[in-house]
Structures are given as C-alpha cells and as structure tokens.
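Subject: Structure handover

Hi,

Here is the structure I said I would pass on.

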Amino acid sequence: MGNGRAVQAEVAAEANVIYDAIVVGGGHNGLVAAAYLARAGKSVLVLERRDVVGGAAVSEATWPGYTVSLASYVCSLLDPGIIADLDLTKHGYNAYRKDPASFTPLEDGRSLLLGRDDAANAREIAAFSARDVAGFAAFDAEATRLGSALADRFGDDEPAFAAFDMATQARLRGSAADLVCEYVETPVLQATLATDGLIGTAAGPEQPGTGYVLAHHYAGRAFGVQGAWGFVRGGMGAISQALAAAACGYGATIRTSASVAAIEVAHTDGNARVTLDDGTTFVARTVLSNADPHATFGLVRDAALPEALVRKLGAWRTTGMALKLNLALGALPNFTARPGTHAQPHHRATIHLAPSLAYLQQAYDDVSMHGSSREPMLECFMQTPTDAHLAPPGKHILSIFAQYFPYDDAWTDARREAAADRIVALLARYAPNLPNAIEGRQILAAPDLERIIGLRGGHIFHGELLPGQIFEDRFAVRTPLRGLYLCGSGTHPGGCVSGIPGARAARAVLAHAHEGAAMRA
C-alpha cells in the first residue's frame with residue numbers, strides 16, 4: 001500500500017478521533033475519492049470488507065504462479081486527469097494499448113482480425129465485403145464521435161442527457177444493431193462491432209438503448225486515443241494498488257478486513273458514525289460509500305429514506321447477466337481459422353465468439369425461453385502473451401466474459417460447472433485443443449460477483465447503463481441524507497474502471513465543505 005498510514009484490522013479505533021471523511025468500500029472509485037480528499041488535506045479513513053482493496057479491479061493468485069484479474073480485465077476509461085492528478089505512474093500504474101483490437105473466428109475456417117493498421121483492416125474486411133471497408137471507417141468515426149461526446153460530459157457535476165443534440169440523443173437511445181447495420185453489411189463484422197453495446201447489459205443488440213452502451217465503451221481516453229483499450233501490467237489490481245498507494249501517500253488510512261454493519265448519519269453533534277461487524281465504531285464529518293446504492297442505504301440505521309428514493313431503489317434494474325470464467329492453460333488456443341500454439345497477433349486481441357447479430361440476439365432471447373444462453377456471447381482475453389509474468393513459463397490465462405447467465409438463487413455448484421462446460425465446448429468448436437490445455441478453472445457466476453465483490457445482483461455497472469438509468473437518472477452523488485455521499489458506479493457516469501464517480505464525489509464533498517466555511521465566515 002505504500003508508505004502511508006495504512007493500518008491493519010487489529011488496530012483499535014481511537015475514540016477521540018473524528019475523521020473528515022470515511023469511505024465505505026475500497027473499490028477503485030472509493031480509493032480515488034479517498035486520494036483526492038487526502039490530497040486536499042482532509043483526514044480520511046477507508047474501510048474495506050475484503051482483505052484486499054480494489055473491488056472488481058483486483059489481481060489475485062488464483063493458482064500457484066498465476067496472477068489473475070479476477071473480475072475486470074481490460075482498461076480504457078480510466079480518466080487521464082486522475083492518472084495525472086494522483087501521479088499513478090509513480091505508484092506503479094503501467095498500461096499499454098491492446099493490438100490487434102479484435103479477433104472473431106468462424107466455424108467455416110474464416111476469421112476477422114482488426115487492429116491499428118488501416119491497410120490490414122481493409123484487407124481483412126474486403127475478404128468479406130469490399131463495400132464494408134469504407135463502411136467500417138465511417139462506423140468507427142461515428143462511434144468515436146459518440147464516445148468523445150460522452151467523455152466530455154462524464155465529469156459534469158450536474159449531468160444532463162439533454163446536453164446532447166437531438167441527433168446524438170437518438171443515436172444513444174437507439175439499438176446497437178441499428179447503428180452498426182447503417183454502416184456495414186457483413187454479419188461477422190456487424191456482430192464484432194455490436195458486442196460493445198451488450199457487455200454487462202440485460203439486452204440483445206436489437207433492444208433500444210444498447211447504442212448508448214456501445215458509445216460508453218468508446219468513451220475511454222486512457223491511452224490518448226479515443227476508444228482504445230489495453231492491459232495494465234500486473235493485471236487490473238495494479239490500478240487499485242497504485243490508487244491505494246497514492247491515497248496513503250497523501251495521508252489516508254486504509255483498513256482492510258473491516259466489514260461495515262451500520263451507518264448512522266442523524267446524530268445531534270452533526271457527525272456520522274460507521275460501525276463494523278465487530279462493534280468498532282468510527283466517527284466522521286462525512287461518509288462516502290463506494291458500495292452500490294441498495295447496499296449503501298441498507299446500512300443506514302437512524303434515518304428514514306425519502307419516499308422518492310425508496311421508489312427509485314425499488315425500480316432500479318440491477319440483474320447481472322455475466323459469468324466470468326478464468327482458465328489456466330498449458331498451451332495457447334489453437335484456432336482452426338489461424339492455426340498454431342505459438343503466440344500470434346490474434347492471441348493478443350479480444351477474441352469474440354459472435355458470428356452474427358442473429359446469434360447475439362438469440363443468446364439474449366434464450367434467457368426467457370431457457371433460463372440462460374444455450375450458445376452464449378463470449379468475449380475472451382489473454383494478457384499473458386504480452387505480460388508473461390502473470391503465469392508460469394509456457395503457461396497462459398484465458399479470461400472469458402460470457403453472456404447471458406442471469407442472476408438468480410438457483411446457482412448450485414453443478415450449475416456453475418455445467419455453464420463452464422458449455423462455454424468450453426463452444427470454444428472447442430473454434431480451438432479444438434482448448435479442453436485438453438485447461439489446467440485450472442475459476443467460475444464466477446453473478447451470485448459469486450455479488451458475494452465476493454459486493455455487486456448487487458452481480459451487475460458489473462451497479463445497475464443497467466440504459467436510458468432511464470444514465471446521466472441524471474443515476475443516483476446523485478450527494479444523497480438526501482445529511483453527510484452521506486455515493487462515490488460508486490451507481491452514480492454518473494456509471495460502470496467500467498474510470499474513477500470518475502469517485503472524483504465527482506470528492507469534488508462534491510470539498511465543495512460542500514467550502515460552502516459551509518463561507519457561511520460560517
């Protein structure tokens with residue numbers, strides 16, 4: 001955690017300490033908020049339930065010799081301003097752009113590989129459709145424009161969807177299928193582009209609003225190129241460790257294995273109390289919660305929630321659809337479309353199993369008819385070809401994000417294993433050596449994401465990123481309860497590892513403190 005005042009769970013609270021701020025939850029957004037507040041001279045305590053900080057952005061030794069990005073796995077939206085403000089590179093943050101960008105194999109032996117090289121992209125696309133070469137360029141320009149427009153508004157203190165012109169609003173309210181089909185005609189290219197509109201979302205490509213999700217995934221600027229994605233050396237936990245080191249360097253205190261049981265905000269002395277499961281109580285002038293909105297307000301013990309807030313919580317859509325499968329491999333996948341188990345460009349790309357829009361829509365439609373996808377959408381990553389230290393020599397990690405496997409109470413161990421078997425069997429149709437290359441597997445269904453990381457319903461964004469739950473329709477940073485703020489992805493601009501919700505919350509706390517000081521003066 002660096003050389004700051006990080007303390008361990010056994011350190012007892014000092015009864016006479018009143019912190020300026022307590023941050024409940026040490027996910028990446030909570031760490032960002034803590035770092036900014038501590039940098040401003042505030043005394044800050046971070047309380048994290050697990051024995052490691054980071055929330056969904058953690059790297060863990062799942063198997064001996066392996067370092068696995070447990071949940072989140074790639075980087076794009078981490079705000080460049082946060083990287084610079086907190087000097088994260090000094091604290092170990094080292095990210096690099098992923099290239100090629102995507103690889104989509106087909107069962108007939110063809111495939112589509114896209115990356116930075118425009119000429120190479122043109123050759124790949126022209127093998128399917130000469131007309132789609134220009135169409136792809138036009139789509140990329142439009143998706144980049146939409147992503148840039150969103151990024152420009154992500155840090156707004158008062159987010160308003162109406163800030164966009166009507167044409168842009170229509171794009172964002174529309175479907176991913178409509179957006180991609182306007183520009184390209186090749187089924188595999190359509191599907192490859194549309195997957196960005198589906199990640200983490202309870203919707204198929206034809207559903208309205210998936211155009212927004214697609215644009216959201218083009219909003220990243222971490223690599224200085226609008227919409228580019230990449231890896232972080234050491235895995236995604238390296239982001240959280242850098243943030244923790246920055247926060248501690250500014251004087252924040254981080255306490256792990258500290259599960260919060262209650263938040264009290266209505267004391268007559270004007271301070272809040274945060275009590276742990278073991279009965280330890282801390283006092284602060286302000287509490288910021290990195291937990292999702294349901295969990296946060298469920299911890300409040302001494303204040304009635306306004307009726308409007310209760311209604312919003314009841315209507316909030318937060319049913320996760322993702323299953324994360326991490327595989328330890330003894331060899332790289334040998335794809336029929338591009339044979340070989342030696343490292344090749346396509347092994348460095350996002351690997352999509354998504355041959356057409358119809359395939360993707362059927363994967364979603366299966367949920368209502370069969371409970372989960374019979375042939376799911378798969379988005380796969382291997383960082384080990386470019387970061388060999390994450391696995392033993394000659395070994396690799398295949399990280400698979402699979403949809404649609406919805407959250408419910410019926411996830412037995414047998415069901416988890418059956419879902420993983422289904423995913424592996426599907427991959428084997430494209431890479432026949434894969435089943436025999438697997439030396440370990442970790443299965444995280446939506447209930448596991450809820451139990452381990454604290455994502456309600458296993459939803460990776462703290463709630464759907466669809467119209468009705470974006471911009472001003474997300475939860476406000478400053479809650480109706482005195483001294484209680486939200487700093488997690490349930491607030492604008494929502495999910496992905498951006499740090500922006502944490503930065504917005506810290507800014508709101510500091511602004512309120514400044515207002516109070518001005519009034520007292």
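**What turned up**

Histidine 462 counts as buried, because its relative accessibility is 9% and buried means under 20% relative accessible area (exposed is over 50%, partly exposed in between, with a 1.4 Å probe and protein chains only).

Before the rest, some housekeeping. This is a predicted model, in which local features need pLDDT of at least 70 and side-chain atom pairs count only at pLDDT 80 or more, while totals for chains, interfaces and linings use all residues. Residues are numbered from 1 along each chain as its sequence is written, and side-chain values use heavy atoms, with hydrogens and water left out.

Most residues other than glycine have a negative phi, and most peptide bonds are trans. Back to histidine 462: its phi is positive, near 60°, and it lies in the loop between helix H15 (446-453) and S18. (Helices are DSSP runs of H or I with at least four residues, strands are runs of E with at least two, and both are numbered from the N terminus.)

Cysteine 496 is another non-glycine with a positive phi, about 85°. You'll find cysteine 496 in the loop between S18 and H16, and at 17% relative accessibility it counts as buried.

There are cis peptide bonds to check as well. One joins histidine 492 and proline 493, with omega about 5°; proline 493 sits in the loop between strand S18 (484-486) and helix H16 (500-520). Another joins glutamine 403 and tyrosine 404, with omega about 20°, and tyrosine 404 is in the loop between strand S16 (396-403) and helix H13 (413-428).

**H3 against H4**

The axes of helix H3 (residues 118-126) and helix H4 (residues 131-153) come within 8 Å and cross at roughly 130°. Axes here are lines fitted to C-alpha atoms, for helices over the stretch in contact, with angles from 0 to 180 degrees between N-to-C directions. H3 and H4 are therefore oblique to each other; angles under 35 degrees count as roughly parallel, over 145 as roughly antiparallel, 65 to 115 as roughly perpendicular, and the rest as oblique. On the H3 side, the contact (heavy atoms within 4.5 Å) is made by Asn121, Ala122, Ile125 and Ala126, and on the H4 side by Asp132, Val133 and Phe136.

Phenylalanine 128 is in the loop between H3 and H4. Phenylalanine 128 is partly exposed, with a relative accessible area of 21%. Not counting residues up to four places away in sequence, it touches Leu106, Arg110, Ser111, Leu112, Thr186 and Val188. Phenylalanine 128 and valine 188 are 60 residues apart in sequence and 8.9 Å apart in space, C-alpha to C-alpha.

**Two buried residues in helices**

Threonine 210 is in helix H8 (residues 210-216) and is buried, with a relative accessible area of 0%. Its side chain reaches the backbone nitrogen of alanine 176 at 2.8 Å, and a polar atom of that side chain lies 2.8 Å from the backbone oxygen of glutamine 207. Setting aside residues up to four places away in sequence, threonine 210 touches residues including Gly174, Ser175, Gly197 and Leu466.

Leucine 434, in helix H14 (residues 434-437), is buried too, with a relative accessible area of 1%. Beyond its neighbours within four places in sequence, leucine 434 is in contact with Leu329, Pro333, Leu398 and Leu427.

Cheers

Terms used. A polar contact is a pair of N or O atoms within 3.5 Å; within protein, one must be able to donate a hydrogen and the other to accept it, and residues adjacent in sequence count only if both atoms are side-chain atoms.
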